[in-house]
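This report describes how two protein chains meet in one model. Please look over the sequence and the structure before reading on.

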Protein chains: 2
Amino acid sequence: MSQLMQNPAHPAAAPPDLYAPIVRDLEEVERVLAQTLRSRYHQITAVVDHVGQYRGKRLRPALLLLTARACGLVTTAHHVLAAVVEMIHTATLVHDDVLDGAAVRRHVATVNAEWGNQTSILLGDYLFTHAFHLSATLGDPRACRIIGESTNRVCEGELCQGLERGNLELAEDAYFDMIDGKTAELIACCCRLGALFSDAEPEVVEGLTRYGRLLGLAFQIADDLLDLEGEERTTGKSLGTDLDQLKLTLPLIRLLKQSPQAASTRLRQIMCSPGNHKREALLPLLREGGALDYARRRAEEFANLAQAELECLPRSVCRTILENLAERAVHRTS
Amino acid sequence: MSQLMQNPAHPAAAPPDLYAPIVRDLEEVERVLAQTLRSRYHQITAVVDHVGQYRGKRLRPALLLLTARACGLVTTAHHVLAAVVEMIHTATLVHDDVLDGAAVRRHVATVNAEWGNQTSILLGDYLFTHAFHLSATLGDPRACRIIGESTNRVCEGELCQGLERGNLELAEDAYFDMIDGKTAELIACCCRLGALFSDAEPEVVEGLTRYGRLLGLAFQIADDLLDLEGEERTTGKSLGTDLDQLKLTLPLIRLLKQSPQAASTRLRQIMCSPGNHKREALLPLLREGGALDYARRRAEEFANLAQAELECLPRSVCRTILENLAERAVHRTS
């Protein structure tokens, strides 16, 4: 969490003790996660514990708790919902790693690398259903409905991306629609739940939902850029997988569209050639053609729009962190 | 459905028009399924339509509706819940086919055979989340809680079975515990929901839940027997997969336990040998050793206990069908 709360632009803007409540919230979420995922089968516990080592940025629970605190009170329901969204996110990661055949995630061997695809698929299902069960324990139909709807949209986006693999004609609009589903939807859902369960006014709930969606779009474009130009050492995961899987992302869509006929044909040949050295071959072309800069600019635009949505909130430490998050989503190396 | 309602012992027991309300209920469930699974992405619709061709016995929705009608009134909530349980069941089938590398399901090519494992994994997730979203639309926290809890237990059972693959020391108790999770739990859940949403008395809800669980156990043992001695032509799916995947089922657990040291060692050698002709090699041994008969007897015991639980219901056409179902679960060829 400390990562998320760094404020390099204004190191003295908020003394560390102001962060204490948010740190305590996140610790509470970890407790809910650990308690919920305990299984009476020791074999299952071993796999769940392994996934616990991924310990990523906890972006989704943090967003849910930060929006809650920015709107008012943080309740037990928020801690439960934050655990729910993290479980859903982890389920999608575990299945993504099977789809991508990835060996490493956040510097740790993936479940599929360690236990095989079968266990990974079932573990993902186990986490999904745990998340739904946990959200149902709140007894508030809004939680189940919002989470059910968002998660479904996430899967639709992922499924669509999978079915569009190898389609080198993919348009920018279709790409944005897909990442809106597979990434932005769940992030928007976190912000919506945070605000809604703090009894925020409807316009604040809607404003923060839009903030989450725009942040999610910026975040995914930055992620796609990292897959192209990042370093495995820093990101802690296998890179270049989008190209290997013939998944088109914004820079490549741009380059294919902007290139003259001959260059475009050459690009398609590289994409469709066997082997997994597409990243090395395409990176200079993407750089020289300005496609990486274009994608970065689009991500910045979304981040700026996200920041503007925060105007609906009174000034607070949490609002400042949410503003910084939008900036950091674009300029990150991991 | 006509399959489920045949009553070979008493062909004249219930004239066909008595079945009309149940047939209408099931048609309504098909409408809910079709409407819910419509996607704005035509590529997704194509895969969903393909899965629609599986059209199995619709055992789970039928149980939910039959228990509902046996207790009292069938409402819109029952139709929605019946669609939910069928979606969950289909999601587990789609993922099972990936795990088993199965090529055929109900005489139709599996999704993994047609679109690959990636699409299958994501389609399963899509169906799971659709089911949860649909159950949340009822606005009744009981539906989400019961379905969340049951589905989680199903995944736990499946995950456990996967992690126990290759364990030739698996005990009978552990096997029963696993099939209680992976199969009996969801069938029990159907009966529970049917009764609960018909405002049945608590002891009837509990009795029918036990009926479902016992029926599920009988059903799974019969399924495991079919995997060993069934015919692919009749069952419409790949057989022998349990052995190929080193998943121990009741007949083999029994044979391993009952065999003298030397025979048991020979069995283990056959199990661990490469190739996929284990079924042919083991079937005569399972037959001669009485292991198939033993498993069939256990399935019959569960079916009889299931029938006894129906005493909590007044006599009706639906109760008769539920009684027959317990019998048919054991003596089936597909």
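## Charged and polar links

Two salt bridges are counted between chain B and chain A. The model is a predicted one, and these links are computed from its atoms. In one salt bridge Asp177(A) pairs with Arg40(B), and the closest N and O atoms are 3.4 Å apart. This distance falls inside the cut-off of 4 Å used for a salt bridge.

Polar contacts were also counted. Between chain B and chain A there are 20 residue pairs in polar contact, with both residues at pLDDT 80 or more.

## What chain B brings to the contact

Four elements of chain B give two or more residues each to the side that touches chain A: helix 3 (42-52), helix 5 (76-100), helix 7 (117-136) and helix 8 (141-163). The largest share comes from helix 8 of chain B, with 14 residues.

Sorted by class, the side of chain B that touches chain A holds 19 nonpolar, 13 polar and 10 charged residues.

## Extent of the interface

The contact draws 42 residues from chain B and 42 residues from chain A. In chain B, the residues that lose the most area to chain A are Gln118(B), Leu122(B) and Leu159(B), which together make up 15% of what that side buries.

The size of an interface is often given as the accessible area lost when the parts come together. Between chain B and chain A the buried area is about 4,300 Å², and carbon and sulfur atoms give 68% of this area.

## How the two copies are related

## An aromatic pair across the chains

Over all chains, the structure holds five aromatic pairs. A pair of aromatic rings is described by the distance of the centres and the angle of the planes.

For Phe132(A) and Phe132(B), the ring centres are 3.9 Å apart and the planes are at 15°, so the pair is stacked. Planes under 30 degrees apart count as stacked. Phe132(A) is in helix 7 (residues 117-136) of chain A and Phe132(B) is in helix 7 of chain B, so this pair joins two chains.

Note on methods:
Residues are numbered from 1 along each chain as its sequence is written. Chains are lettered from A and ligands numbered from 1 in the order in which they are written. This is a predicted model: local features need pLDDT of at least 70, side-chain atom pairs count only at pLDDT 80 or more; totals for chains, interfaces and linings use all residues. Side-chain values use heavy atoms; hydrogens and water are left out. Contact means heavy atoms within 4.5 Å. Buried area is the accessible area (1.4 Å probe) that two parts lose on being put together, summed over both. A salt bridge is a side-chain nitrogen of Lys or Arg within 4 Å of a carboxyl oxygen of Asp or Glu. A polar contact is a pair of N or O atoms within 3.5 Å; within protein, one must be able to donate a hydrogen and the other to accept it, and residues adjacent in sequence count only if both atoms are side-chain atoms. Ala, Val, Leu, Ile, Met, Phe, Trp, Tyr, Cys and Pro count as nonpolar, Asp, Glu, Lys and Arg as charged, and the others, Gly among them, as polar. Rings of Phe, Tyr and Trp (its six-membered ring) pair if their centres lie within 6.5 Å; planes under 30 degrees apart count as stacked, over 60 as edge-to-face and the rest as tilted.
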